[in-house]
Amino acid sequence: MKRKALRSVQLILCGICLIIATNAFAQQMPERNERPNILFILSDDHTSQAWGIYGGVLAPYVQNKNIERLAAEGTVLNNAFCTNSICTPSRGSILTGQYSHVNQVYTLSEPLPKGHPNIAKTFSKNGYQTAIIGKWHLVGEPEGFDYFNVLPGQGRYWNPILKTKENWADGYDASAGKEYEGFSTDVIADLTIAHLKERNREEPFLMFCNFKATHEPFDYPERFKDLYTDVSIPEPESLFDFNPETTGRTFIGQKLEKLGQRWDNATKDPENWWTTYPGLPYPLEGLDSIQKRKKIYQKLVKDFMRSGAAIDDNIGKLLDYLKEEGIADNTIVIYTADQGYFLGEHGFFDKRMIYEESLRMPFVIRYPKEIKGGQRIDDIILNIDFAALLADYAGIEQPDYIQGRSFRQNLESGTPADWRKQLYYRYWLHHPERPAHFGIRNERYKLAYFYGQPLGKKGTNAEVTEPAWEFFDLQQDPKELYNAISDKTYTAIIEEMKRQLLEERKRYNDLDEGSEVMQDMLTKEFR
């Protein structure tokens, strides 16, 4: 009897030891499905001025309850910037962590080279399910994604056609794609949720949900058509900047009147115009220059905010799904836009330029397990850093191909001592009204060189422009209303920034070594 009792005690003790050992091993080796899921939500042109959480004249009017929800539960980047402010290159940089001259996506017409590394490939090789639904815009067939269902080119807002691996055709060809009834933003969010419902729940996911909105023609669902009716939206300070001599800027830019002309063209010849716009006709005849610009501005910002309201709706839908699925706490949610956009500032629409409204990328990240809610980070973050951050959170050693750097420490515990103090920017899609240029921006100053050369890049205009410099003191002149390049107050600062600009170009190996015309210009300007 005593032996039996002793044997029972031994078995119990062995069992306890086994449980303790198993728990200890489990703590050292977490299950694969404990790695965070990642939902990366990317919109097009949804500039910070229209998010409502960055201040500005539009903030009181923006419908943004779900963006505010993300901001309250996560962290907002106050100084995130793109490295080439136009749709296709920015998306290339987000995926590869590389500048345009490295991933070879310079303008709107180049695909990522076949076989080129990207973060989806890296995640797929490390046990993640990878998918992208919505706007792709990188011309060639997506690589590295276990599943994709993407718009051809820009796609369309209503009853969008999307393409999968089974019906792929490069570029804008939608002939073999599948049409989905409804408004693009709603459709893309619904398809994202449907795909997540079918996922393998034993493995984490990297899911890109890419909205077409708020890209021109700034369309919106029927439910928002009466939003802002009989409301007059306040105007930006520089709305009536009509000409370069007003501020000393060196280029014409994309003036609002061009958008008004597009509306007119779409009204008079809809069969031959490239797109349709909501709310047409929108007559501008008989108005003087001030009245016309005012009226164009009102339609632009109202349509833009209506389009943004649909994004906010669908962010809420995605967040609710994660909560209902019970995976909200273990899913990193990022919402950002591929670049900024001018909404009447400097009298412009569109993007491309190194000016703040175009250069900035709004960005919010939520991850309750590690990131404190309701905080803001002022560090300079670039779109080439995003891939590095994702790899870091997934427990993947940063791939050698990434030029950027993870900012996980910035988010969780503070700025590393060796974090960048300035950014390097380059825009390649040259046009005489929006010249090709490069420059740097630090916490206070910005210096840009508009070299004005097409350099043989696809889609560029052959007409060159005179090289020109611009310099802004962002502390004294945050709206960039005075080009101080000739102001003797800043002579020493400008010379030092020119030196730093050369250093940044060397850092990222953007040296124009194959261009004789650029070498001649650089020798002259940086001697």
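In this predicted model, threonine 331, once its neighbours within four places in sequence are set aside, is in contact with Asn37, Ile38, Leu39, Phe205, Leu322, Arg366 and Tyr367. Threonine 331 is found in strand 9, and at a relative accessibility of 0% this residue counts as buried. A polar atom of its side chain lies 2.6 Å from the backbone oxygen of isoleucine 327.

Confidence in the prediction is described by the pLDDT, which averages 94 over the protein, with 94% of the residues scoring at least 70. Residues 1-6 have a pLDDT below 50, and beyond near neighbours in sequence this stretch has zero contacts in the model. Over residues 13-32 the pLDDT is likewise below 50, and four contacts beyond near neighbours in sequence are found for this stretch.

In helix 2, which spans residues 65-73, the buried residues are Asn66, Ile67, Leu70 and Ala71. These residues cover an arc of only 145° around the axis, and they therefore lie on the same side of helix 2. The exposed residues Lys65 and Ala72, by contrast, are carried by the face of helix 2 that is turned away from its buried side.

For helix 11 (residues 386-393), seven of the eight residues are buried, so this helix is largely enclosed by the rest of the structure. The buried residues in question are Phe386, Ala387, Ala388, Leu389, Leu390, Ala391 and Tyr393. Helix 11 is followed by glycine 395, whose phi is positive, near 75°.

The largest nonpolar core has 89 residues, and those with the most contacts inside it are Ile119, Phe123, Ile365, Phe407, Leu411 and Phe438. Helix 11 supplies the largest share of this core, seven residues. Apart from this core lies another, of 63 residues, among them Ala71, Tyr157, Leu284 and Ala309. Phenylalanine 407, one of the residues with the most contacts inside the largest core, is in contact with Leu77, Phe363, Ile381, Asp385, Phe386, Leu389 and Trp419, leaving aside its neighbours within four places in sequence.

Glutamate 370 lies in the loop between strand 12 (363-366) and strand 13 (375-377), and with a relative accessible area of 29% this residue is partly exposed. Leaving aside neighbours within four places in sequence, the residues in contact with glutamate 370 are Tyr393, Arg408 and Glu412. The side chains of glutamate 370 and arginine 408 are joined by a polar contact of 2.8 Å. Glutamate 370 and proline 117, which are 253 residues apart in sequence, are 28 Å apart in space, C-alpha to C-alpha.

The structure holds 42 salt bridges. In one of these, the side chains of lysine 165 and glutamate 141 meet at 3.1 Å, N to O. This pair links distant parts of the chain, 24 residues apart, with lysine 165 in the loop between strand 6 (161-162) and strand 7 (178-179), and glutamate 141 in the loop between strand 4 (129-134) and strand 5 (147-150). Lysine 165 is exposed, with a relative accessible area of 56%, whereas glutamate 141, at 25% relative accessibility, counts as partly exposed.

A further salt bridge is formed by arginine 156 and glutamate 179, whose closest N and O atoms are 2.4 Å apart. Because arginine 156 lies in the loop between strand 5 and strand 6 while glutamate 179 lies in strand 7, the pair ties together parts that are 23 residues apart in sequence. Arginine 156 is partly exposed, with a relative accessible area of 36%, and glutamate 179, at 49% relative accessibility, also counts as partly exposed.

The side chains of glutamate 216 and arginine 262 likewise meet in a salt bridge, at 2.7 Å from N to O. Here glutamate 216 in the loop between strand 8 (205-210) and helix 7 (244-247) is linked with arginine 262 in helix 8 (residues 256-268), and these distant parts of the chain are 46 residues apart. Glutamate 216 is buried, with a relative accessible area of 5%.

Conventions. Residues are numbered from 1 along each chain as its sequence is written. This is a predicted model: local features need pLDDT of at least 70, side-chain atom pairs count only at pLDDT 80 or more; totals for chains, interfaces and linings use all residues. Side-chain values use heavy atoms; hydrogens and water are left out. Helices (H or I, at least four residues) and strands (E, at least two) are DSSP runs, numbered from the N terminus. Buried means under 20% relative accessible area, exposed over 50%, partly exposed in between (1.4 Å probe, protein chains only). Contact means heavy atoms within 4.5 Å. A polar contact is a pair of N or O atoms within 3.5 Å; within protein, one must be able to donate a hydrogen and the other to accept it, and residues adjacent in sequence count only if both atoms are side-chain atoms. The arc is that of the directions from the helix axis to the C-beta atoms. pLDDT is the predictor's confidence in each residue, from 0 to 100. A nonpolar core is a set of buried Ala, Val, Leu, Ile, Met, Phe, Trp, Tyr and Cys residues joined through side-chain atoms within 4.5 Å. A salt bridge is a side-chain nitrogen of Lys or Arg within 4 Å of a carboxyl oxygen of Asp or Glu.
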